[in-house]
Protein chains: 2
Amino acid sequence: MKLNSSFKEKVIVLGGDGFCGWPTSLHLSNLGHDVVIVDNLSRRNIDNELEAESLTPIHPMGTRLKAWTEVADRNIRFYNCDVAKNYEHLLDIIEKERPDAIVHFAEQRSAPYSMKSPYHKRYTVNNNLNATHNVLTAIVQSGRDIHLVHLGTTGVYGYGTAGIEIPEGYLEIEIPTETGERISREILYPADPGSVYHMTKNQDQLFFHFYNKNDGVRITDLHQGIVWGTNTRETMLDERLINRFDYDGDYGTVLNRFLMQAAVHYPLTVHGTGGQTRAFIHIQDTVRCVQLAIENPPAPGDRVQIFNQMTETHRVRDLAGLVSRLTGAEIAYFPNPRNEADENELHVKNELFLSRGLNPTLLSEGLMLEVTAVAQRYAHRADLSKIPATSQWRQTPKAMRPI
Amino acid sequence: MKLNSSFKEKVIVLGGDGFCGWPTSLHLSNLGHDVVIVDNLSRRNIDNELEAESLTPIHPMGTRLKAWTEVADRNIRFYNCDVAKNYEHLLDIIEKERPDAIVHFAEQRSAPYSMKSPYHKRYTVNNNLNATHNVLTAIVQSGRDIHLVHLGTTGVYGYGTAGIEIPEGYLEIEIPTETGERISREILYPADPGSVYHMTKNQDQLFFHFYNKNDGVRITDLHQGIVWGTNTRETMLDERLINRFDYDGDYGTVLNRFLMQAAVHYPLTVHGTGGQTRAFIHIQDTVRCVQLAIENPPAPGDRVQIFNQMTETHRVRDLAGLVSRLTGAEIAYFPNPRNEADENELHVKNELFLSRGLNPTLLSEGLMLEVTAVAQRYAHRADLSKIPATSQWRQTPKAMRPI
C-alpha cells in the first residue's frame, strides 16, 4: 500500500504521538517522506491526571513504531523531548536530523482543559507559547531554511462576524482617514479568542508574523476546524497502529462524543441551545492537508501562508439531530459552561486546499457509522462518569467590591 | 512636600525597583497611596550579566526604603518575588495585601537585549508572557476587583502607517463585503512588532482582551513612548533615592544616551540615517500618567482602556542635532542593527491623558541640561566600552539551502 509523492522530504513531527500527529506521521511516512517524531507523551500523562483514557487501546510508542516497520517496511525515529522545556535537546535534534520541514502539533489542544483551573490556564500558556517560540528560535539558530507547518484552529477567528465570510488568515480592510480618504490594508484577522487555549493560538500568530518578517522563516499556519473520525488508511492496517479516541468532557470533541454516546446508549449532551456553528474536518483530510501544506511551501520572502483546514460547518444541535436520527439516541440539554453567544453564524473560506487538490471527505452516514462501530467495539473500555463537561469558563461569581 | 489626592488606594507595583517602577512607587507613596513593591531585582542581575551598571549609584532596596521613610515619613513594603516563576508567592501577596490596583512593570524592557541571542529571546518571551499571565490569573483567582495598570509601549503600533494618526489602542475600520456593503468595526490596532520585546507587548494585549472579556478584569494598558530624564521630585529628595540611569548599548534609551555621551565627550551614536521617528515622554510625566491611570479606572464591564503615554515625537537625527548644538558634541553615524525602515513618520494621539489633567513636560534646554548635569556628576563611573550597541536583529547570514 505504498503511495507515491513527488516530494521525499525529511519531516520532524512535533507532537507525533497525539490524535492528529500520529496519523499524520504514518501518512507522511507511507508517502515516502523520512519521518521523525518528537513528543514528550504529555497527552498520555494528561490521561493519567484526568483519570480518563482513549476509548481505543493505544499502544506505547515503541510498539507503534515496531508495528509500522513490520506493516509498511518503513522506519520512523522517535525522540522523547519536551520542546517547551528542553530547548537544547530540540536544537540538537534539528541539527542532527536536518529536516526540510517541521510539523508542529506540540501544544495543549483542549479548550475546556485550558479553563479548568489556574494551574491549567498557566500550563497551557507556558507550554504552548514556549513550545512555539522554542521551535522558531531553534530554526533560526540552526541557520537552515526549514519550512514550519503549524496546526492552528479556526477558533483564532472567534465566532465569526455576521455578514463576512471568514478569509484565509488575512482580512482586507479600509481605514477611514481624517481627510475623508480610505487607506486599504490587509491585516491578520482581528483576534477574539474564546478560551485560554484559543488565545495561545492567536499569540502564536504574532510569533509567526515576527519571525517571518525578521528572519525570513517560511511558515504555513493551518487553521483547523474540529476533527472527527478516528482512523485513517494507515492506522487501520494493524490494531497496534490504532489512533486515540477521546470521549471525555475535556478532550472529546463534539461529533465524536455524540457518536460514542450513541454507541453506549448515553444521551447526547448538548450545551446551551446547541446553536453554536462550528467548522469540521475528517481526520483523513487532516493528514492529507498537512501533506499538501508540506508539498506547497511558501516561496522564500513570502509572508506567513495561512490555510483554513476545514471542509464544512454545522450547528451543534443539527449534528445531535443527525446522530439521533441515525442511531435512535436521545438528546439532553445542559447549561453551557463556555462564555459565548447562544447562536452564531460561521462562513469559512477553504479555497486554498481545494485548489491544491483536496477532495473533501464530507459528513456521511457511512463514515459516521464507522465511528460508531469503533466506539461499539471498545464500549467495554468506556468510563461513563468521564463524559460530562466539568470545566467552567468563569469562577463561581464572588462578591465583587464596589469601586 | 506632601501632595494631595482624593484617592488613597492600596497599590502593588510589580517591578518597583526599575527605572520607571521606582520613581512611580515614590510618587504614589508621596500622594498618600499605600504602596507595596514586588520585584525580583532582575534589572540589577542583568547589570551583572552585561557587566554594565547604572551611571547613577543606585542603592539596595533596603537602603532606598529606609531613606524614603526618613525623608517622607511613609512606609513602602517590599517583597522579593519573581512573578513569572513564583505564582503561589504572587497570589499570597495579593491575598494578603488586598490591593485596589496593581501596576505591572515586571517585564524585560529592552528591545536590543531581547535580540542578543537565542537565550535572550527565550528569556524575554518566557519572562514577559508568564509574568503578565500570572498576574491576570492571580487577580481572577483572588476573586477581587483589582484594577490592573500595565506599562506597554508605543512599539505595539509598529512604526506607524503613513497618513494615519495612531489612535489610542483601537482602530476604526471598514470591512468591504461581497455585496458591496461596508461593515464598520473597531479593532485593536493591527500588530507589527519590531523586536521580540515588542512582540511580547502585542501578545500581552491578547491576554488583556481575553481576561477582560471572560472574567471582567478591569485593565488599563499604557502605550508608553521612550522615557527620558532621570529624576523626579521624589528621587531628588535624597541621594539614596536616586533613580537609575542607563547608557549602555542595550538599556540606554536614545535621548538619555545622547545627553550622557555629550557629558563625557563621546560622539553621539546615530544608527542608520537617524530618520527613525519615535515617541517620547519625560520620567516626571511617566509617574504622573500612572497616577492618572489609577485615579481613572475603567468602569465595571468596560473593555480594556488604552492610553498613549507620550507627549511628543522626534526624529533621532533631530535629537542628535539638538544635543550637539546645546553641548558641542560630535555626531557619528553607524550601521543600524535593527531590521527597520530608514525613515518613518509617526503621529500619535494622546488626548486621553491631556483630558485627564496631564500638563506635559516637553523637551526643553533646561531639562536636557539637567540630565547632562547628572551625567557629568557621575561621569567617573562611566565605562565607555559599554556605549556601542552590539545586539544584531538578524544572525550573520549563513548559506541557506535552496528549496
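A rotation of 180 degrees, with 0.0 Å of shift along its axis, superposes chain B on chain A at an RMSD of 0.0 Å. This is the relation of a two-fold axis. The superposition is by least squares on the C-alpha atoms of residues with pLDDT of at least 70 in both copies. The same surface serves both copies: 100% of the contact residues of chain B recur in chain A.

The model is predicted, so local features need pLDDT of at least 70 and side-chain atom pairs count only at pLDDT 80 or more, while totals for chains, interfaces and linings use all residues. Residues are numbered from 1 along each chain as its sequence is written, and chains are lettered from A and ligands numbered from 1 in the order in which they are written.

At the interface, 48 residues of chain B are in contact with 48 residues of chain A. Contact here requires C-beta atoms, placed from the backbone, to lie within 7 Å. On the side of chain B that touches chain A, four elements of chain B each supply at least two residues: helix H6 (118-142), strand E6 (170-176), strand E7 (182-188) and helix H7 (196-215). Helices (H or I, at least four residues) and strands (E, at least two) are DSSP runs, numbered from the N terminus. H6(B) gives the largest share of that side, 12 residues. By type, the side of chain B that touches chain A holds 24 nonpolar, 14 polar and 10 charged residues. Nonpolar covers Ala, Val, Leu, Ile, Met, Phe, Trp, Tyr, Cys and Pro; charged covers Asp, Glu, Lys and Arg; the others, Gly among them, are polar.

The largest nonpolar core has 212 residues. Such a core is a set of buried Ala, Val, Leu, Ile, Met, Phe, Trp, Tyr and Cys residues joined through C-beta atoms within 7 Å. A residue is buried if 20 or more other C-beta atoms, placed from the backbone, lie within 10 Å of its own, exposed if 12 or fewer, and partly exposed in between. Leu14(A), Leu259(A), Leu14(B) and Leu259(B) have the most contacts inside the core. Beyond its neighbours within four places in sequence, Leu259(A) is in contact with Val323(A), Met368(A), Val371(A), Thr372(A) and Ala375(A).

Helix H12(A) comprises residues 365-377. Its buried residues are Met368(A), Val371(A), Thr372(A), Val374(A) and Ala375(A). They cover an arc of only 155 degrees around the axis, which puts them on the same side of H12(A). The arc is that of the directions from the helix axis to the C-beta atoms. On the other side of H12(A), Glu365(A), Gly366(A), Ala373(A) and Arg377(A) are exposed. Cover for the buried residues includes helices H8 (254-263) and H10 (316-327) of chain A.

Helix H4(B), residues 87-97, buries Tyr87(B), Leu90(B), Ile93(B) and Ile94(B). These cover an arc of only 125 degrees, which places them on the same side of H4(B). Glu88(B) and Lys96(B) are exposed on the other side. The cover of the buried residues includes H6 of chain A, together with strand E2 (34-39), strand E3 (77-80) and H6 of chain B. Arg98(B) follows H4(B) and has a positive phi, near 50 degrees.

Asp73(A) is not a glycine, yet has a positive phi of about 55 degrees. Asp73(A) sits in the loop between H3 (61-72) and E3 (77-80) of chain A. Asp73(A) is exposed, with 8 other C-beta atoms within 10 Å.

Methods
Two residues are in contact if their C-beta atoms, placed from the backbone, lie within 7 Å. The expected span of a helix is 1.5 Å times one less than its number of residues.
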